[in-house]
Amino acid sequence: MSDKFSKIYDLSIKDPEKFWQEAADDIFWFKKPTKILNKSNPPFYKWYEDGVTNTCYNALDFHIDQGKGNKTALIYDSPITENKSKFTYEELRSKVSKFAGALKNQGVNKGDRVIIYMPMIPEAVVAMLACARIGAIHSVVFGGFASNELASRIDDSKAKLLVTASCGFEPGRTVEYKPLVDEAIKQAQHKISKMILFQRKGHEVKLNAPVEISWDEAHANAKDTDCVEMNSNEFAYILYTSGTTGTPKGIVRDIGGHVVALKWTMKNIYNIDEDDIWWSASDIGWIVGHSYIVYAPLFKGCTTVLFEGKPVGTPDAGAFWKIISDYKVKSLFTAPTAFRAIKKEDPEGKFFSKYNLSKFESLFLAGERADPDTIKWAENLLKVPVIDHWWQTETSWAISSNCTGIEMMKTKYGSACKAVPGYDVKIIKSDQTLAKPNEMGDIVVKLPLPPGTFPTLWNADQRYKENYMSNYEGYYQTYDAGHIDEDGYIWIMSRTDDIINVAGHRLSTGAIEEVLSEHQSVAECAVLGIADKLKGQLPIGLIVLKAGVDKDNETISKECVQMVRDKIGPVAAFKVAIVIKRLPKTRSGKILRGTIRKIADNVEYKMPPTIDDPAILDEIKEDLIKNNILKSA
Ligand code: COA
Ligand code: AMP
């Protein structure tokens, strides 16, 4: 390790309280914390427990107080609708404080939950910040999820109010939100008391007052509303993420640690200063969108870009270069799949040559492993460092990265670089001992986790403890496996649970299996993520039918695909359900998913010694060939 980085890193591990006390000096507090870390009740650690602050104050008011009200806070660019706009810090605060007043008028108070189910429009950011302003806890739900998923989030969060829009736009398709929301409300046991809907021009929908009101109606009589004082350990938001079952996990974020840590990352990880333009091409429904479209850049006081478009098809594979060039973006953060999509469409970078990217300095990739081919292609084209970094919804910021604002490190293709200050990352082997360099095992982080990570799960302390903190005492289990090399570089190789990563989106194969099992003809099933050149992984379903089913296989497959789309959403990208005769299992009845995946990916596999009938693997191979998943040898 080189000197500057290693000194900072070592301090963060040896004396985390000192390290994070200094970082806390950089944010606004109504009352500065005197207690930095409470370790009395592991694994429930508390950062800054007597601090009093407000998320929205740090995102907006703080910068206006420093005379930066006229600076651009948010740039909105929507190639899909051909709309563009810019908002200064002052303008954004004005919108937020009015909408905060509108929420109050609808009875939303500190601690109440508000679901935000919206496309990538400025009003979604306004809604998030308005919640923060009045101390309401938002829970943003990604627009690609179906009603069923929305309903489960309404039920778990017991939201008082839901903010939505009349529609979102996908290339070639309008996503009508209102029917999806109506269905979710119908399905949910918990009844929300109000809905505020933003009418998109030309796509207005009918609302049933007084429970359903438009964004404009909600603003009638709304007063500008100030930030409320929040205790550091109160919650800023809940973001649901896939668990191993169909019940999503409500990751919560506490307020003080979130502001401190995210602000710290902007300079230290991303090398972004107040005058820079930053762009995270993700969606506000994901953690990357929460942290790096909305919160971190605004805490830092720089300019953030909100992009309602796709890397390809809106209108072409030059969309990213156009945004970078038009707004003089310094750094972009996106998922590798976005670059694979551009590479596939424009391998020679013909679109790239049309734009001036002289201000562009670095590209950050996360959400899934960045394959070396894609990194090298991007480096070659962009002539800037391309940085793979690793993190999770649970942490809200990178666990490992090249900390470019501290010191640029060399790239090792295929590795997500070194542990970031604050994270003491270790590898634990199957015999429960710590691994030596280059030995594979479960990747864990020594407790306490740094500020900004999840202090618990929403209403589920026990699940938090059992799921993440119990298998390896004193460590947080990331559910990723890999190794750390002799230079401290971390190599993330796979998940250890049934989570798969589809186009940078985290999905649970268990949740898809639950849906397939509901089909009346399905006796049992297995869903696995198979390697895909564009999306990293794609889910496929293998289904075994009940005896005596007389429907044809093709109809059943189609119905299964539709069920997953209806119950989980288009984001699952579930397009293949194959009817097979039987599933390979161990003698004790466990489905051999890993072996099937290896067969589907055409990689070498060992015959599992515990398999009940080895001939099944040949049958599966034939079925995969028949369905074009596998090429015949
Ligand atoms: N609302 C409604 N539907 C949505 C949606 C949204 N916000 N986002 C995606 N979908 C739909 C898509 O329209 C698609 O539907 P279809 O089956 O009718 O075609 C489906 O969900 C799958 O979407 P996606 O996985 O995004 O695939 P795609 O083929 O439309 O696009 C990429 C492929 C690579 C261009 C796209 O995945 C992408 O831009 N990825 C960037 C990665 C990213 O943002 N990751 C977030 C974490 S960093
Ligand atoms: P999410 O919570 O949706 O951000 O997904 C987190 C998971 O995505 C991690 O646990 C990893 O499995 C995977 N992931 C994220 N970033 C990387 C990366 N840079 N390399 C490998 N896997 C990654």
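Reply: An oxygen atom of ligand 1 lies 2.8 Å from an N or O atom in the side chain of K535, and an oxygen atom of ligand 1 is likewise 3.0 Å from an N or O atom in the side chain of K575. A polar backbone atom of G144 is 3.4 Å from a nitrogen atom of the ligand. Such polar contacts are pairs of N or O atoms within 3.5 Å; within protein, one atom must be able to donate a hydrogen and the other to accept it, and residues adjacent in sequence count only if both are side-chain atoms. Of the 940 Å² of accessible area that ligand 1 has on its own, the protein covers 84% (Shrake-Rupley method, 1.4 Å probe; for residues, only the protein chains shown count as cover).

These values come from a predicted model, in which local features need pLDDT of at least 70 and side-chain atom pairs count only at pLDDT 80 or more, whereas totals for chains, interfaces and linings use all residues. Residues are numbered from 1 along each chain as its sequence is written, chains are lettered from A and ligands numbered from 1 in the order in which they are written, and side-chain values use heavy atoms, with hydrogens and water left out.

The shell around ligand 1 holds 24 residues, of which E170, R173, K535, R565 and K575 are the closest; a residue is near when one of its heavy atoms lies within 4 Å. By class, 11 of the shell residues are nonpolar, six polar and seven charged (Ala, Val, Leu, Ile, Met, Phe, Trp, Tyr, Cys and Pro are nonpolar, Asp, Glu, Lys and Arg charged, and the others, Gly among them, polar). Strand β10 (173–176) and helix α12 (336–345) each supply at least two residues of this shell; helices (H or I, at least four residues) and strands (E, at least two) are DSSP runs numbered from the N terminus.

Ligand 2 can be described in the same terms. A nitrogen atom of ligand 2 is 2.7 Å from an N or O atom in the side chain of D388, and a polar side-chain atom of R495 lies 2.7 Å from an oxygen atom of ligand 2. The protein covers 93% of the 490 Å² of accessible area that ligand 2 has on its own.

Turning to charged pairs within the protein, a search of the whole structure finds 38 salt bridges, each a side-chain nitrogen of Lys or Arg within 4 Å of a carboxyl oxygen of Asp or Glu. One of them joins R133 and D61, at 2.9 Å from N to O; this pair links distant parts of the chain, with R133 in helix α5 (residues 122–134) and D61 in helix α3, 72 residues apart. R133, with a relative accessible area of 2%, is buried, and D61 is buried at 4%, where buried means under 20% relative accessible area, exposed over 50% and partly exposed in between (1.4 Å probe, protein chains only). Between D25 and K32 the closest N and O atoms of a salt bridge are 2.9 Å apart; here D25 is partly exposed at 47%, as is K32 at 46%.
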